2 protein chains.
Amino acid sequence: MIKAAVLGYGTVGSGVYNVIRENRELINERAGQEIEIKYVLDLRKFPGDPVEKVLTDSFDDIVNDPEVKIVVEVMGGTGAAYEFTKRSLEAGKNVCTSNKELVAEHGLELMSIARENEVNYFFEASCGGGIPIIRAINDCLTADAIDQITGILNGTTNFILTEMTQKDGVSFSKVLKQAQENGFAERDPSADIDAYDPARKIAILSSIIFGSSVDYKDVYTEGIRKISAEDIRYASTLGYAVKLLAEAKKTGDGIRVYVAPFLLAEDHPLYPVNGVMNAVYVHGNMLGDAVFTGAGAGSLPTASAVVADVIDAARHDGKRAYCGWKHDEKLALASNDSIKRRFLVRIYTEDQADANKVFAPDGFLDTVSVGELEDEVAFITGEMTEQEFAAKYKEFGKAISRLRFY
Amino acid sequence: MIKAAVLGYGTVGSGVYNVIRENRELINERAGQEIEIKYVLDLRKFPGDPVEKVLTDSFDDIVNDPEVKIVVEVMGGTGAAYEFTKRSLEAGKNVCTSNKELVAEHGLELMSIARENEVNYFFEASCGGGIPIIRAINDCLTADAIDQITGILNGTTNFILTEMTQKDGVSFSKVLKQAQENGFAERDPSADIDAYDPARKIAILSSIIFGSSVDYKDVYTEGIRKISAEDIRYASTLGYAVKLLAEAKKTGDGIRVYVAPFLLAEDHPLYPVNGVMNAVYVHGNMLGDAVFTGAGAGSLPTASAVVADVIDAARHDGKRAYCGWKHDEKLALASNDSIKRRFLVRIYTEDQADANKVFAPDGFLDTVSVGELEDEVAFITGEMTEQEFAAKYKEFGKAISRLRFY
């Protein structure tokens, strides 16, 4: 028997409690021993809920109890969650978490404390919800040097982009409002639509793949706030989908990590990933291409990933599990300036002559095909570096918008 | 340091040898110890190949060497491979294999011998090539009761069906010939096109999910030999793809396992899986839907999966790893008779009246839309059981073909 404590009885915490109750028998068998939740920490009361009998409002009860070997931190945030995680690891307890803010912000330090205390800090649910992407990297694709990972790592933005594509002409703000009403988007949606959330996730995943800590604050991050119904219509007309991609890639110039909306061609494996689904493309030097798709959020899928961590903690009771994120150092990322791409640029019709001077495109896209955009045209640039494009875009100075081709 | 022997220096065996050489450093780090290939067994000579210095033609050298803890069986077949696997396990050595014939045919016995001798029998590469589906089930999706798995598990047939779809009107035999010329299909293609290969793979996967051995000979197996250009054209016109699916599903009536071509709708996650790619859909009772996609065959992707097994064997040196396939008994499958589906039936135009009598379809599909099929029509049945349909189909007795809707 191994005893665990759950910090926080919110959406994920109650999911964890329920998954362990419902699948008790198979979980115990797979863990190799019985897993008992001895405490659930929450300041609230839950009268009538079966959790009542293990509820505590004191973290000290947990951290001072030598029987507790696994602490499940599903409180969120970087305040108390940080303190409790640190104290748990220092007390020789394994910690399992879904808290991507905490892992992205303090992962380097927490991984190091876990190593020193010979316990495990697991965070499968921090990236890709129920998709077992971290364990796939650490325990499944072990024969490969992984040189690229490209993900749709945020369900809210993928839902918004999918809706905008499927309901041609609907505006970003209208879909966002609808997503908020349905509970698919937060009241303060900034972490999603400004892409801070997928930036944290790709920082975590690249730390595991490349061994040293990638600081999410170093990741070039562009959200989808400016994507308009017209952008989507151009994309569809050209046979592309607009997807918010988070990518980490080893190149001759170094390791690059960025998050931005891209025009993705129909034959790309992430093209068909719609709605709230998440998906992660991985390239291994022996394996080639692999894609993992699944629910990126939700109480039970997230709890399923957290409980898989708990089972792994039980399997590794007293032992360190392998994790690729192994160096106590920060990774210096390469600049994105020299990445070569094509760009879609929308301009007002009257600026065509100037656009020809600056960008010299092969031609302009037929505006008729995209409907009522009568006073504008668009063009696709030749392949050029991000830096070259930025300079030309600034020189031109009057474009409506621009989008990167993947 | 842990020592290994590779049985067979063919496509997969040489891949294993090369993956371990090329990724030596990261593999040793992930295994937690150095992995050395002490022997490669092959009756052939390979003058000038680095393998020469470890080549042996005697299995006794390997099985009698107490230093060898891991045997990699990549010979294929169920003759010598069976004997060598058995003797290796009995000698207390872990065995890693890509040999799906052997696992499907003798898995029950070999798993049992592995258990008795407290060693591991790993076979990640036997299903889905480089897709880490077995480890995903055993080690990643551990919090879930998996109640369904649906896969495109054979690259050759998926390539043929994709080509027939993309080159509208091309015949099965022409594409098969082309696939044979390109090396995507065997000279004797029966294991693929008659679906014995995916039947073996789904039998292995269902044994892991449901715990007891599923005999591939009990799996209803229908291949793609009869799929014609006209079938494909009907499918495309209706917005469906024809896919050879291998499915295992827990239902109220028991566990069902079958392999057959199906008409798959555009919004199904396996619809976009084209060419030689494999993909596996998994449903967990907490996780919901997850899909794993990757290269189903090829020397390096397959070797990548085998080497991941070798690493896991090194990690579990002296310990048993968890495997869901845990009971020494055969699983009795439920009959497919009561599965309810719709069917697409093609008939000659002159038989419409009779078809109306037997099947009473809502109407007939507009033959114009599918081109030159002037003397035939098709209809979609209402939902009925496999048994009801089979009876009606027999009674009608003069259909051109029939296909199941998924």
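User: How many aromatic pairs are found over all chains?
Analyst: The model is predicted. A search of the whole structure was made over all chains. The count of aromatic pairs is 31.

User: Is the pair of B:Tyr9 and B:Tyr17 stacked or edge-to-face?
Analyst: The ring centres of B:Tyr9 and B:Tyr17 lie 5.8 Å apart. Their planes stand at 80°. Planes over 60 degrees apart count as edge-to-face. So the pair is edge-to-face.

User: Are B:Tyr9 and B:Tyr17 buried or exposed?
Analyst: The cut-off for buried is under 20% relative accessible area. B:Tyr9 has 6%. B:Tyr17 has 7%. B:Tyr9 is therefore buried, and B:Tyr17 also counts as buried.

User: Which strands does the pair of B:Tyr240 and B:Phe405 link?
Analyst: B:Tyr240 and B:Phe405 pair edge-to-face, 5.1 Å centre to centre, with 85° between the planes. The two residues are 165 residues apart, in distant parts of the chain. B:Tyr240 is in strand 9 and B:Phe405 in strand 17 of chain B.

User: Which ring does the charged end of A:Arg342 sit over?
Analyst: The distance from the charged end of A:Arg342 to the ring centre is 4.4 Å. The ring belongs to A:Phe405.

User: What axis relates chain A and chain B?
Analyst: Chain A can be laid on chain B with an RMSD of 0.0 Å.

User: Which residue of chain A comes closest to the rotation axis?
Analyst: The C-alpha distance to the axis is 2.4 Å. The residue is A:Phe292.

Methods. Residues are numbered from 1 along each chain as its sequence is written. Chains are lettered from A and ligands numbered from 1 in the order in which they are written. This is a predicted model: local features need pLDDT of at least 70, side-chain atom pairs count only at pLDDT 80 or more; totals for chains, interfaces and linings use all residues. Side-chain values use heavy atoms; hydrogens and water are left out. Copies are superposed by least squares on the C-alpha atoms of residues with pLDDT of at least 70 in both. Rings of Phe, Tyr and Trp (its six-membered ring) pair if their centres lie within 6.5 Å; planes under 30 degrees apart count as stacked, over 60 as edge-to-face and the rest as tilted. Buried means under 20% relative accessible area, exposed over 50%, partly exposed in between (1.4 Å probe, protein chains only). Helices (H or I, at least four residues) and strands (E, at least two) are DSSP runs, numbered from the N terminus. A charge sits over a ring if NZ of Lys or CZ of Arg is within 6 Å of the ring centre and within 35 degrees of the ring normal.
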